[in-house]
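Q: Please take a close look at a single strand of this protein and at the strands beside it. I would then like to see how the rest of the chain is arranged around that account.

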Amino acid sequence: MSAKEASRSVLHVDLDAFFVSVERVLDPRLCGRPVVVGGPVEGRGVVAAASYEARQFGVHSAMPMGQAMRLCPDLVRINATPGIYARASKAVFDLLGSYTPIVEKVSVDEAYLDLSGTEHLFGRALDAADHMRKEVKERLRLDLTVGVSRNRLVSKVASGFAKPHGLFDVRPGQEPRFFAPLPVKVLPGIGPVTQKRLRDFHIDQLGTLADTDGWFLEDVFGRYGRSMRRRAKGEDETPVCPPWEKAARKSIGHERTFAEDTDDVQILRGRLQRMLEKCCGELREKGLLARTMSIKVRYADFATETRDATLPRPSDHDLEWWELAGPLLERVLKKRRTLVRLVGVRFSGLERGFWQGGLFEEGRVVQHGRLAVIDRMRAKYGEKSVRTQNAYTMTFYANGEKDMVIDMKRAKAAASE
Ligand SMILES: [Mg+2]
């Protein structure tokens with residue numbers, strides 16, 4: 001474990017009986033009673049969420065409503081209120097986001113937070129977690145359970161341990177001791193099948209699993225054997241992954257099939273440039289930069305060619321990419337054998353950030369502030385309202401007609417005359 005991992009603070013937060021709790025905020029008379037949210041028996045409804053009072057009768061989510069009613073005759077059933085849970089969830093996540101930007105939402109009522117490095121703002125992770133719970137309770141009247149440790153796995157198990165409306169922290173180094181007496185099924189990833197297999201070998205508790213020889217587990221469970229043993233000791237290095245990092249693992253791209261196959265270079269260039277501009281607009285909107293661009297050309301006979309290009313520094317800038325994409329397309333088309341049916345462009349190697357380059361290269365490329373204006377114009381007046389021909393020339397369109405051409409070189413020359 002690196003020093004950085006040893007000093008991490010990861011929280012697992014989980015709202016208690018979330019749908020029911022939201023309904024109780026709207027109607028406090030439901031408090032203290034066995035309540036479920038879900039469809040009626042007649043409509044073959046199932047339990048979407050159950051209050052802890054209902055759970056005492058053995059009612060749980062995904063149970064058919066008829067069965068829940070039989071288990072608990074005094075059960076109060078409420079229809080789900082559309083939209084309200086998502087709004088409540090957003091309010092909670094907005095609040096959590098004020099503690100750290102590194103929030104990985106797992107579901108509508110559950111998330112991981114990485115608080116590493118926020119000590120100067122909120123003190124110890126445990127104090128921050130306590131503060132967070134009080135704030136959610138006071139401002140949103142919802143109960144939040146929090147598990148605190150230095151990794152996701154232990155925090156997840158700790159919050160399950162602390163439920164409902166609790167807080168549980170596992171100090172660094174105490175993970176194996178916390179895990180040892182717990183049944184193996186609390187470990188995420190150990191399902192009924194693995195559980196049964198482990199029981200065959202008299203491995204019922206995590207402590208036993210942690211003490212079992214690695215080679216044996218590997219022999220029985222293959223490559224998961226060893227990682228299972230590490231996890232049984234409370235070791236986990238999976239980072240908390242906020243949405244922008246998830247996005248960074250993916251790519252952004254567009255492709256279009258022509259209504260009619262073509263070999264008109266102007267049409268092909270125009271289409272590719274529009275898609276490239278669209279992709280770059282999406283990158284800017286999501287606050288991402290791309291390192292690699294691939295262009296794709298598919299011919300009428302379905303043969304497909306792709307070409308990659310990489311910039312020395314990642315960019316979300318139309319023209320920086322177009323300077324590469326234009327020549328790349330021409331090189332592909334030189335080998336053209338037949339008509340083209342599709343062109344596409346895709347950006348990958350995405351990372352969080354905004355375009356930094358060219359700040360001191362006035363005039364060479366369209367400045368970023370101007371790109372933001374173009375994005376806004378396209379959002380308001382449609383994608384075809386502005387076209388950038390090259391580094392200096394922009395054309396504005398109104399109702400599909402060319403309205404105005406701005407040539408920066410000429411404008412500059414005119415201004416200095
Ligand atoms: Mg929950």
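A: The model discussed here is predicted. β10 covers residues 288-299, and β11 covers residues 304-315. The two strands pair in the antiparallel sense over eight bridges. They form a hairpin with four residues between them, and F302, in the turn, has a positive phi of about 75°.

β10 also pairs with β12 (residues 340-348), in the antiparallel sense and over eight bridges. Here T292 has S348 as its bridge partner. A further pairing joins β10 to β13 (residues 351-352), again antiparallel, over two bridges; in that pairing the bridge partner of L289 is E351. As a general point, strands of a sheet pair through backbone hydrogen bonds, either parallel or antiparallel. β10 is mostly covered, with nine of its 12 residues buried.

Helix α16 takes up residues 318-334. Buried residues of α16 include D318, L319, W321 and W322. G326, L329 and L333 are also among the buried residues of this helix.

Elsewhere in the chain, an open sheet of five strands has the order β5-β6-β1-β7-β8, with mixed pairing. β5 (103-107) and β8 (167-169) stand at its edges; each has a single partner strand, and therefore one side of each is left without a neighbour in the sheet. From one strand to the next, the twist averages 15°. Within this sheet, β1 (residues 10-15) and β7 (residues 144-149) pair in the antiparallel sense over six bridges, and L11 has V148 of β7 as its bridge partner.

Two helices lie across strands of this sheet. Helix α5 (residues 84-96) lies across β1, β5, β6 (110-114) and β7, and runs at about 155° to β5. Helix α8 (residues 152-162) lies across β1, β5, β6, β7 and β8, and runs at about 140° to β7.

A magnesium ion has three protein donors: D14 (OD), L15 (O) and D109 (OD), which lie 2.2 to 2.4 Å from the ion. Along the chain, these donors follow the spacing D-L-x93-D. D14 has a relative accessible area of 12% and therefore counts as buried, the limit being under 20%. L15 is buried too, with a relative accessible area of 2%.

For the chain as a whole, the secondary structure comes to 18 helices and 16 strands. Of its 417 residues, 43% count as buried. Among contacts between residues at least 6 apart in sequence, 62% join residues at least 24 apart. The chain exposes about 22,400 Å², of which carbon and sulfur atoms supply 52%.

To return to the strand requested, β10 has antiparallel pairings with β11, with β12 and with β13.

Technical notes:
Residues numbered from 1 in each chain as written. Predicted model: local features only at pLDDT ≥ 70, side-chain atom pairs only at ≥ 80, totals over all residues. Heavy atoms only, no water. Donors = N, O, S within 2.8 Å, 3.2 Å for Na, K, Ca; no water. Buried < 20%, exposed > 50% of the residue type's maximum accessible area, 1.4 Å probe, protein only. Expected span 1.5 Å × (residues − 1). Pairing = 2+ DSSP bridges. Axes fitted to C-alpha atoms, helices over the stretch in contact; angles between N-to-C directions. Contact = heavy atoms within 4.5 Å. Areas by Shrake-Rupley, 256 points an atom, 1.4 Å probe, with all protein chains shown as cover.
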